[in-house]
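Dear colleague,

I am handing over the structure below, and after it you will find notes on what turned up in it. Please read them with the model open beside you.

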Amino acid sequence: MRPADHHPSRRAFFGVTGAVMAAGLTAGCEPGSPQPVRLDTPAAATPVSATGWHQAGITLPQPAQPNLLAVVADLADAVPAGPLLAELGEAVLALTAGTDARLLGLPPGDLTVTIGVGPRLVRGVDPALPGAADLPEFSRERIDPQARGGDLLIQICASDPLVVPVAAAALLDQAGGRIRERWRQSARRGANVPVDRGLSAPRNLVGFVDGIVGPHTTVQEQRDLWLAGPTPVAGGTIAALRRMELDVARFARLSVAEQEAVFGRSRATGIPLSGGTITSDPDLGAKTPDGRYLIPADAHVRRAHSSVVGVGLMLRRSYSTDEPTPGLLFMSFQNELRTFTNTLAHMDGSDALLRFTTTTASATFLILPGFDRQHPLGATLFP
């Protein structure tokens, strides 16, 4: 969640994406005359290169695009992962460049596609690799077997809502009968709120700013986000994916003060209840004159605070959903799965926010390192 950084590269990457957004129609009127239709051309969405040390759709673009589709699938029996991933990577390059006829003439704009592989595939390469462990079960889950785990994640994001399903259809067409879809979820991000120095975060379905804390600097990303070292997964990251229903009506019946006590932040500003600015670290020891914590003991920001849990920071790209029920598609990216699992374990049973949630899908994926035409997607792991 920050402007583009120039990271040192393990190789030269090439790739250009280009697009011009479709023209919008507005009507002009003049008294006593017909109302002509005026053709306006809005500013084009800035293209995002699909090539690089990391895949797009995680830290880039900033802010994240408003529309997302996550598709979770399994590989069919005896299908080798390497050739499939290489073909999907080639399709991503063509789609983001606007040269794939399956876009049906739509300009790709800021389309990004991010692809990850599940623990079963990673264990088949090396059980000691990051990404080989499954997510454990937690409380407040109502998950069908079809919605737990998976071999493949395809995350598609764009500013143009039409581009997302069209790109998804093209990628699934490319995969053909080699994959079996488990579930999919479309979602949107709320309005962005300025946070600090070019950073922004969206409001979620219950009105609070979501994703303020995270690895935003290069140093933080190298420490907590990206996989590194002499390993075939260097340049990748670990994703945790959770689809949750939110009891919005019950939450809305709380007073604003009660809602803020659930989160530990001001609903209007995002400022911690301990004071400061939206970027201030919550002062978990701050108390009222009569000895009560300004941030309640069960507030979300306290129960999920990295220093309390004893883990690193996680980067969140959360989206709100309205189908099949109002909720949240929560995605976190981190270089250790325990960053997510230990945090959720610490929240489980004592986080006030979880009283309003029910998880209906859950999975973790190794987000593959970046790629280009000379270095196919997934080639470091599945040569």
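Lys287 lies over the face of Tyr293, 5.0 Å from the ring centre, and Arg302 also lies over the face of Tyr293, at 4.5 Å from the ring centre; a charge sits over a ring if NZ of Lys or CZ of Arg is within 6 Å of the ring centre and within 35 degrees of the ring normal.

This is a predicted model, in which local features need pLDDT of at least 70 and side-chain atom pairs count only at pLDDT 80 or more, while totals for chains, interfaces and linings use all residues. Residues are numbered from 1 along each chain as its sequence is written, and side-chain values use heavy atoms, with hydrogens and water left out.

Turning to the aromatic rings, Phe208 and Phe251 form an edge-to-face pair, 6.2 Å centre to centre with 80 degrees between the planes (rings of Phe, Tyr and Trp, the last by its six-membered ring, pair if their centres lie within 6.5 Å, and planes under 30 degrees apart count as stacked, over 60 as edge-to-face and the rest as tilted). Phe208 lies in the loop between β8 (199-202) and α4 (218-224) and Phe251 in helix α5 (residues 248-252), so the pair ties together parts that are 43 residues apart in sequence; helices (H or I, at least four residues) and strands (E, at least two) are DSSP runs, numbered from the N terminus. The rings of Phe251 and Phe263 have centres 6.0 Å apart and planes at 85 degrees, so this pair is edge-to-face. Ring pairs link Phe208, Phe251, Phe263 and Phe356 into a cluster.
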